[in-house]
Structures are given as C-alpha cells and as structure tokens.
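Me: Please pick one part of this model and walk me through it closely. I'd like to hear how its elements sit together, with the cut-offs behind each term.

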Amino acid sequence: MLYIKCPYCGLRAQKEFSYGGDATVKRPNINEEVSSEDWDNFVYMRKSPRGKHIELWQHIAGCRQWIKVQRDTATHEIFQTAKVTEEIR
Amino acid sequence: MSQPFRLNKVGLINRNKKISFTFNGKKLFGYEGDTIASALIANGIHLVGRSFKYHRPRGFFGAGVEEPNAKLQVEFNGHSEPNVNATEMELVEGLSATSQNCWPSVNFDIGAINNFLKMFFPAGFYYKTFMWPKSFWYKIYEPFIRKAAGLGVASIEKDKERYEHKFEYCDLLVTGSGPSGLASAYAAAKNGAKVILAEDKPRFGGTLLTDDVSIDNLSGKDWAEKIITELKSMPNVTVKNRSQVFGYYDHNMLVMFERVGDHLEKKSKFTPRQRLWYIRAKETILSTGSIERPIVFGNNDTPGIFLSAAAKEYMKVYGVLVGKKPLIFTNNDSAYETALGFKKNNVEPIILDTREEHSSELIDEAKSKGIDIRFSHGVIVANGYKKVKSAKIGKLNKDKNSFEKIETVDCDCICVSGFWTPSVHLASQSGNKLKYEEKIDAFIPDKKKQHETSVGAANGSFTLEESLKHAFENGSNLSAKITETKTEISIPNVNEKKYGAHDKFWCMPLPKNENPKRFVDFQNDVSVSDIEIALREGYRSIEHVKRYTTLGMATDQGRTSNLNGLQLVSNIENKIVPEVGHTTFRPPFTPITIGTIVGREVGMEYMPTRKTPMHEWHEKNNAVFVDAGAWKRPRYYKQGNETLFEASKREAKNVRENVGICDVTTLGKIDIKGPDAAEFLNRVYTNAWMKLPVGKARYGLMLREDGIVMDDGTTTRISENHYHMTTTTAQAANVLSHLEYYLQIVWPELNVNVVSTTEQWAGAAIAGPKSRDMLSKLYPDLDVSNEALPFMGYKEAEFFGVPSRIFRISFSGELAYEINVKSDHGLFMWEKMMEVGKEFGNQPYGTEALSTLRIEMGHVAGPELDGRTIPSDVSLNGLVSKKKDFIGKNSLGREAFNVESRQKIVGLIPIDRKSSIPEGSHIVQDQNAKLPNPKLGHVSSSCWSVENNNPFSLAIMKDGKNMIGKKFFAVSPLKNKSIEVEVISSHYVDPEGKRVRS
C-alpha cells in the first residue's frame with residue numbers, strides 16, 4: 001500500500017486517497033473555440049509512461065483536497081507531492 | 001499413555017501439563033509446548049499423510065515453516081481447518097487431527113495405485129492427457145482431478161471466531177528473533193527507537209535454542225532469554241511471538257499474521273483468534289535465518305526421513321527422538337551437531353559424509369566420542385514403505401558419479417543435510433534483486449531496494465560471531481539515523497564451534513538398472529525425472545520449468561526444493577545457477593486464513609449502514625428495506641399478506657389519487673456558496689443558471705467531459721450567493737468530487753465553496769393531488785397557493801416550531817413538495833406528517849412505488865443514465881444550452897452522437913396488456929431469428945402502470961424516434977421470456993406535465 005504525503009495533512013495511507021489520472025492534462029479554457037482534435041486529445045488521449053508520472057490524487061477520506069503526486073509507475077516510488085497550485089519539476 | 005520416543009528431562013516443554021488429543025481417531029497425549037508434530041513423533045507416529053499426486057506415504061520432514069508433507073485437517077476450539085501445518089500448530093486440549101488426501105485411510109489408500117502407475121503421471125501429465133475432448137473437461141476430468149488431488153476440506157459452517165486488523169508504525173521492524181534479530185532489536189532499542197520484534201514460533205531465540213554456543217558465558221538459550229526480558233521491559237519495544245511477517249509491500253509496508261488465540265484452551269469472546277498487522281516501518285531488519293536443504297536420493301520421501309536440523313530441534317526443544325537407529329547423511333559439518341545430540345542421549349548414529357576424509361572441530365569431536373563416520377558415503381535409496389527400515393548406502397568414487405562399494409544398513413530414521421539456504425523471501429518481495437553467492441551455493445540479498453537490511457543467516461552469514469557483529473552494527477546505525485541518539489554497546493564474546501567447508505554436492509547418483517523416485521519437491525510430488533522431462537521437451541526458462549512441473553508451487557513455496565531444482569537444471573543445461581536465475585517470491589510467506597484477511601469486515605460490519613432519521617419509524621411500520629449504496633431505504637410498507645407487487649401498486653395508486661409521503665433523505669445534498677456560485681453552476685450544468693432568481697429551483701443536467709450524462713437533480717437558490725444542490729443517491733459522492741476537481745484544479749479563480757450536507761438534512765416528499773391541502777395544514781400560517789408557491793418555488797418556514805425548507809419539486813410527476821428539516825427533527829417531521837395527513841388519505845410509499853410513478857411519467861433515473869447515454873438519448877436535449885459553454889459541451893458535436901439512427905428512449909407496452917416485461921430484456925425484430933439475433937435496444941426500467949392498469953417499460957432503442965407504433969419482441973433469456981411489445985412514447989402519463997404545475 002502506498003504511503004502518500006498529502007501537502008496539507010502529512011503522510012497518509014493510500015486507502016485515504018482516490019486516484020485522479022494524469023495531472024499534466026490541461027482542460028481547454030471555457031468559452032474558447034477549440035478544435036476537435038485538441039478536444040479529443042484532452043478527453044481521450046493519455047500517455048501511459050513506464051517511469052515518472054505526475055498524477056492527481058484526491059484525499060477523499062481526509063482534507064478532500066486534490067493533490068499532485070509524482071510517482072514511478074513501475075516501482076511505485078513517490079518522488080514528490082505538491083498542492084495542485086504548485087509546480088512539480 | 002507412554003510416549004516411547006520422549007526423552008527424560010530434555011527440552012523446553014511443560015511436563016507438568018499433559019494434553020490429550022486424537023489423531024485419526026486414536027487418543028494420544030502430549031505436553032504443553034508441543035506441536036502436533038512433536039507430540040505424534042513422541043508417540044512413535046510418522047505416517048501422517050499421502051502425497052499429492054502418487055499418494056505415497058509421507059511423514060514429517062521439518063520442524064517448522066519448511067514442512068512440505070505434514071498438512072492435516074484439524075478440529076479445535078469448535079472449528080475445522082484444512083491444510084494445517086502440523087509442525088507449526090501447537091497442541092491444545094481436545095484437538096483432533098486427521099490425515100488428508102487419503103481414502104479410506106492413511107494406512108490403506110486406494111489412490112496409492114497412482115504410485116504404481118507413475119510412468120503415466122510424468123511432468124505435464126494433466127496438460128497432455130486431459131486436452132480432448134474439450135467437453136470432457138468440466139464434467140469428467142476436472143471433478144475427478146479435484147477429488148484425487150484433494151487437500152483438506154474447507155468448513156461450510158459460519159466462522160464464529162473473531163479476527164482483527166491492527167495498524168502500527170515503528171522505526172524498526174525486526175523479523176525473526178534468532179541471534180541476529182535479538183542483537184539488532186536490542187541495539188535499536190538502546191538508541192530509543194520504536195522497535196517491533198516479531199517471531200513466528202512460540203519461543204524466542206531461533207537457533208540459539210538448539211545450537212551448542214555460548215554468548216558472554218551464557219548458553220545461547222539463556223542469553224536469548226536475558227535479551228528478550230530486557231526488551232520486554234522497555235516501553236519503546238513491542239515483542240511479539242507467534243507472529244509471522246509474511247509480506248513486504250510498497251513503501252515499507254509489512255504485513256504480519258499473529259496467532260493470538262489458537263493455542264489457548266479457553267479464551268474470552270473478545271480475544272481474537274488471529275490478528276493481521278499492517279506495519280509501516282521506517283527501517284526493516286530481516287533476520288529470517290536460513291532453512292536447511294536436503295540431499296536428493298532414492299525414495300527420499302519415505303516416512304522417517306528428516307532434515308537434520310529438524311531432528312535436532314525435536315530433540316532439544318521438544319525432548320523427542322525422531323528415531324533410535326539414525327543415519328546422518330550430510331555434505332557439511334552442521335549435521336554433526338545432530339549426531340552428537342543423539343550420542344548424548346545414548347543413541348548410536350552412523351554419519352555418512354559425502355566429503356573425503358578430513359578433519360574439523362566437529363568431526364574431531366564426533367570421532368573422539370566414538371561415532372561411526374563414513375566419509376565419501378551417501379544414501380542411495382531408502383527401503384521401507386510406510387517407515388524407513390534400512391538404507392542402501394554407497395561409497396562414492398572420486399568423481400562422485402558411481403560407487404566403489406554398496407551395502408545395506410538398518411536404520412529407523414535418516415537425518416539429511418545438504419547445507420543451508422538463506423530465507424530471502426521478504427527481501428525479494430521488497431524488490432531486492434538477489435545475487436548468487438558461490439560460497440554457500442545460494443541466493444542472498446543484493447543492493448537495498450526499499451529499507452530492508454538482511455542480517456545473519458538470511459544474509460548468508462553462517463557464523464554466530466560475524467552475524468552478531470553485523471546485526472548489532474546495523475541495528476544501531478539504522479536506528480541512530482532516526483533517533484539521532486547512539487548508545488555504545490559492546491559486542492559480546494562468542495564461543496562457537498568452527499565449521500569446515502561444505503561439499504558442493506546435492507544429488508546422489510543411482511547405480512545402473514535402479515530407478516527409484518528421487519523427489520525434489522515433496523509437496524507437489526516433483527521428482528528428478530520430471531525436471532529432466534521438462535528440459536527434454538524444450539522448457540528452458542526456470543519460470544516455465546516451474547509451471548510445467550509445478551516445482552516449488554505448493555503452499556511451502558519450495559522452501560526445501562527450489563535450490564535443488566535450480567542445481568538440477570543448471571547441471572543438465574550446463575549452465576551456472578545464476579544464469580538459470582530464480583523464480584519469483586510472492587506473499588504470503590506461509591498460508592494465512594481467509595478470516596484474518598477479512599478481519600472484522602463481515603456481516604453488519606462489512607460496510608457502514610446509513611440510516612435516515614426516520615428509519616426507526618419505517619421499521620415499526622413494516623417497511624421492507626432495500627440497499628441503496630450504504631443506505632437502507634424502505635422499498636415498500638407491507639400491510640397484511642401483501643406481496644411487493646401488491647403493496648407498491650397500492651402505494652403508487654394512493655399517490656395518484658390522494659397523497660403519499662416518501663423518505664428522500666438519502667438524496668445527495670451539496671451546499672454551494674460564494675460570489676461566483678451562479679457562474680460555476682452555469683459551467684457545471686448543461687442549462688442556463690445565470691438568471692435563476694432567489695427563492696427558485698431549477699432542474700439541472702450534468703455531463704462528463706465526454707458528453708455522457710453524469711447526474712441530474714434540482715438546485716435551489718437559497719439566497720444571493722447560496723445554492724442548495726441535490727444529486728441522486730448513488731452519485732452523491734462522485735458529484736462532490738467532480739465539483740471539487742473543477743474548483744480546485746480547473747477554475748481555481750472561481751470564488752466558490754462546496755460541502756456535502758446530505759447528513760445534515762432530513763427530507764420527505766409529499767406527492768399527490770391532495771398534497772397542497774395537506775401542506776396547508778402543515779403550514780397553517782403560510783400561503784401555499786399555486787401563485788404564492790408555484791412549481792419550482794421555494795420557501796423557508798417553521799414546521800411546528802422547527803425551521804424547515806419547502807421546495808415545490810416533483811419526481812413522481814404529481815403535484816408535489818419536498819420538505820427538509822435538520823436531521824434531528826426528521827422523525828418529528830415524519831410523525832407530524834403522518835398525523836396531519838390522515839384526513840387526506842396519506843400513506844407512506846417506498847422506492848418501488850416511487851419507481852412506478854417516475855417510470856410511467858417517463859422520468860429518467862439511474863437505469864437510463866447508465867454511463868452510455870447523452871442528453872438527446874433520454875429526451876433531455878431541451879436542457880442543453882446552445883448559447884453557453886459547459887462541461888462536456890464540445891463532445892456533444894461528435895459525429896456518432898448526431899447520426900439519425902442514434903439510440904433514444906421510448907416506452908413499451910405488451911400487446912396483451914398483461915405480461916410484464918423483464919428489465920434487461922433485449923429488443924429484437926424476430927424472436928426466432930438465427931443467433932446472433934441483432935439487438936435493437938434494451939429494456940431499462942419496468943413497472944405496472946397504476947394509471948393505465950397494465951405493464952409499461954422504458955427502453956433505450958436504436959433509431960428510437962422512428963420506432964413509435966412498431967411491434968417487436970422483448971426477449972429475456974435469463975427469465976426465459978419473450979413478450980411481444982409495441983413502441984410508444986416514453987411519457988405514458990400526463991405527457992404535457994400539467995399535474996406538477998396544477
């Protein structure tokens with residue numbers, strides 16, 4: 001079971017979180033024209049990397065904040081976690 | 001009563017407490033502190049089971065987790081458990097053990113005929129034989145194989161025992177309390193670290209209990225006792241026996257299985273039987289020791305053949321002799337200690353040593369005691385069927401591939417030692433790539449992967465001095481990093497015997513024309529010839545050889561067989577062992593009970609039960625409940641002998657004719673506040689929200705980004721910047737997460753807060769033509785006329801002195817209201833409604849009537865919003881704004897969503913107006929068409945229309961809008977029904993929606 005450091009609550013068991021997918025996907029702006037291709041990429045196309053991946057998790061059984069987690073998809077190593085307003089590099 | 005193989009005064013058992021038990025119906029005695037195995041051996045019983053494939057007689061082989069044979073069906077403390085390891089299970093009063101995999105009895109087993117047919121059961125037998133004809137597999141082959149292969153029998157009784165889960169955190173977890181484990185735990189404890197020391201056996205000390213060593217002038221056993229006593233007295237240390245750490249998972253999470261109550265004769269009902277520990281450790285010391293491996297020889301599975309260390313453990317811990325005429329067969333010095341142990345107890349052993357004549361401290365001692373040692377010798381084949389009677393032994397030539405001399409010697413047991421295999425299971429599970437250590441012919445842990453540090457024999461260190469030093473250092477250094485305190489500890493003086501080099505020899509050759517079975521894996525009956533066949537047939541990868549032969553795949557995980565299997569493959573393939581590689585180690589290290597995994601999450605405690613504040617009233621009034629997620633909702637209120645069908649019809653009819661009330665507390669409720677709340681709702685919902693006035697509600701539709709309908713519900717503007725959203729019961733949690741996602745990640749610039757208030761409000765719907773009359777009685781001071789409180793209107797007023805919210809919204813399609821009060825007032829509200837409603841014919845109605853009402857009105861719910869429908873599919877495109885942007889809007893333009901023949905909701909009635917249409921039925925043109933019959937749609941919801949007094953269903957149908965008036969068949973293979981139906985509008989009752997506005 002993963003051990004995830006919530007930037008608000010500290011280290012917590014994976015049980016308290018739910019997974020939210022790729023954190024680097026950016027939704028096209030509201031009320032702005034968007035091409036079908038860009039929209040389809042946003043809705044459907046995701047990379048499935050082996051290795052470092054920045055992803056969203058929500059601390060649903062805790063502070064309910066969505067957070068960013070940089071995790072190795074093969075080894076589960078977590079390199080960094082951050083608030084969604086912060087950058088992970 | 002006598003135990004012929006029990007020694008006097010030797011061992012750590014409690015001779016003051018005799019324990020009676022039965023084995024295969026025979027009453028026997030042992031002592032407190034015995035295992036089933038030690039007690040049976042003390043009674044001279046060795047034949048305990050039959051082997052898996054050939055049904056060969058099998059006896060005990062080990063003395064702990066390594067045991068491959070002695071798996072028994074055991075009844076104790078009121079339950080029956082299969083596949084119990086007799087070498088681990090402690091004896092308790094009244095325990096009853098029986099052999100498995102034999103019929104009619106372990107002494108006479110019909111299945112043993114397989115042994116004589118063994119030429120027909122080679123590796124891959126099942127794969128080769130039971131392939132054809134295919135149809136035979138389920139009916140004939142599989143049931144037969146399952147029966148023949150039968151291990152124990154699982155109980156079908158409900159398990160009444162209590163199992164618990166525990167979460168624990170520590171600085172250092174030490175797995176195993178042998179010398180290295182004790183030293184590491186002690187050093188870390190002295191540094192102030194929070195330490196957990198786990199030992200799977202009842203007694204602490206590991207090999208210190210059996211090895212002839214001294215530490216600081218104390219015997220190994222006394223030193224262990226001293227350290228354990230001190231550790232137990234320290235507040236920062238938890239010491240646990242009967243506790244097996246069986247899994248090493250991600251992020252240093254280890255899982256431990258504790259046998260809390262199995263050894264207790266009487267325990268309180270609050271004492272769990274077993275406990276599962278989830279331990280998050282900052283650092284882990286793996287001091288799991290090593291397991292002796294056997295040397296392979298002919299008929300090496302005959303009862304009476306033991307690992308040499310097991311024989312020593314039976315002698316020293318349990319005071320039991322495994323035989324009185326022992327042969328010791330070894331390739332190293334450690335077995336000499338077993339021989340010396342026999343000698344000390346006045347039993348004369350013969351040592352067969354595969355090495356050429358040489359000397360070492362132990363060999364010299366054995367010689368000086370007059371023990372018969374035969375160098376360059378080994379056991380070729382054991383004689384005896386149910387118990388070893390003699391052995392054909394041979395003097396090996398220089399190349400050790402043939403014999404210079406062969407003779408037969410009498411014996412009643414053979415103690416075999418082929419050197420030691422470190423227990424690297426946990427290290428491997430942590431992700432550690434193992435490396436092959438030539439010096440000990442075994443794998444040891446390589447570079448750290450997580451925070452695992454292996455010490456002692458588990459790390460390939462087989463001398464006490466080296467192990468202790470390494471363990472003290474690691475325990476001290478690892479903990480000092482955490483506690484930032486370092487207490488100096490002097491490493492104790494050790495007195496141990498020096499071992500000479502072992503012989504890299506693991507399998508006895510056979511004389512010409514002899515071909516006895518030579519087993520590598522006892523539990524799965526895999527012999528040398530099986531592995532040879534697998535290789536001859538082209539299997540090369542060790543993982544494939546493993547699966548083809550089932551080598552190492554039994555519950556003992558190949559603890560005594562893996563290394564020998566690898567050696568055999570490497571010899572045949574002419575490769576070195578590291579090139580062959582090793583198979584993967586997986587948790588659990590030892591079998592654990594399902595009960596422990598489940599823990600307390602059974603029955604009522606499987607998941608939380610959510611009850612509305614009115615639950616008690618429903619119960620008292622014969623409500624029959626239905627689960628809606630974790631919620632309990634009244635499905636119907638039973639009167640007399642009514643069926644579900646009759647009751648729901650009565651309740652629904654009463655709503656259409658008079659008035660009814662329904663508990664709607666379970667609907668999701670979300671409070672939305674902030675200056676940008678209107679803008680947020682406008683983006684979340686498909687319809688327009690910017691102009692909703694205060695005091696008004698609106699029905700809203702929510703999509704996912706891919707255009708599929710996510711949820712629907714009403715949202716009411718309570719005040720300028722305050723909205724009250726409702727969701728369906730099922731989607732409440734998802735919708736809240738969805739809103740939080742957009743507010744926190746996508747549009748953080750919107751100043752809006754959302755919070756769930758589902759639990760804070762109790763809700764009741766009042767529906768029916770007389771609902772306004774009833775409402776006016778409930779709120780005598782309030783103007784509830786159609787003008788003052790129109791459809792989609794909202795008011796706040798006191799309900800008999802308590803604050804309440806009144807929404808004029810309708811799910812039933814009737815004139816209806818929903819009243820919300822604070823949860824604490826829910827029951828009060830409900831009872832008042834029942835009292836006041838009497839004169840209007842008010843009756844409560846459940847979810848079944850609620851469904852009937854919404855279905856015949858054509859209102860969609862979960863079955864239609866099934867994650868595959870877009871707004872136009874369910875005739876809700878009127879709610880989709882063309883002017884503004886919202887979540888999922890861009891997806892609605894997709895080509896597939898806009899084709900003419902797109903699926904659409906329709907209504908169905910049976911032609912005979914009688915047959916009800918099963919939900920889930922497929923709609924087809926021709927009920928007799930050849931399969932696969934093209935499917936035109938499916939029935940999503942069905943009811944008995946109380947308005948029209950005939951069945952009515954909603955269906956999602958291809959090209960639905962052009963199907964009105966046509967006839968089809970609704971076919972349910974599950975119910976074996978086919979009903980001719982006519983397609984009509986989905987709005988069966990009041991299609992103009994006049995009633996809700998009346």
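Reply: **A sheet and its helices**

Let's start with helix α19 of chain B (residues 677-684), which lies across β35, β36, β37 (709-719), β38 (722-727) and β39 of chain B and runs at about 25 degrees to β38(B). Bear in mind that this is a predicted model, where local features need pLDDT of at least 70 and side-chain atom pairs count only at pLDDT 80 or more, while totals for chains, interfaces and linings use all residues. Residues are numbered from 1 along each chain as its sequence is written, chains are lettered from A and ligands numbered from 1 in the order written, and side-chain values use heavy atoms, leaving out hydrogens and water.

Helices (H or I, at least four residues) and strands (E, at least two) are DSSP runs numbered from the N terminus. Contact means heavy atoms within 4.5 Å. Angles run from 0 to 180 degrees between N-to-C directions, with axes fitted to C-alpha atoms, for helices over the stretch in contact.

Helix α20(B) (residues 732-746) also lies across β35, β36, β37, β38 and β39 of chain B, at about 165 degrees to β39(B).

Now the sheet itself: 5 strands of chain B form an open, antiparallel sheet in the order β36-β37-β38-β35-β39. β36(B) (697-703) and β39(B) (753-756) are at the edges with a single partner strand each, so one side of each has no neighbour in the sheet. Neighbouring strands are turned by 25 degrees against each other on average, ignoring direction. Strands count as paired if DSSP finds at least two bridges between them; β35(B) (residues 668-673) and β39(B) pair over 4. In β39(B), Val754(B) stands opposite Ile672(B).

Glu856(B) counts as buried at 0% relative accessibility, and Arg656(B) is buried at 10%.

How values were computed:
Buried < 20%, exposed > 50% of the residue type's maximum accessible area, 1.4 Å probe, protein only.
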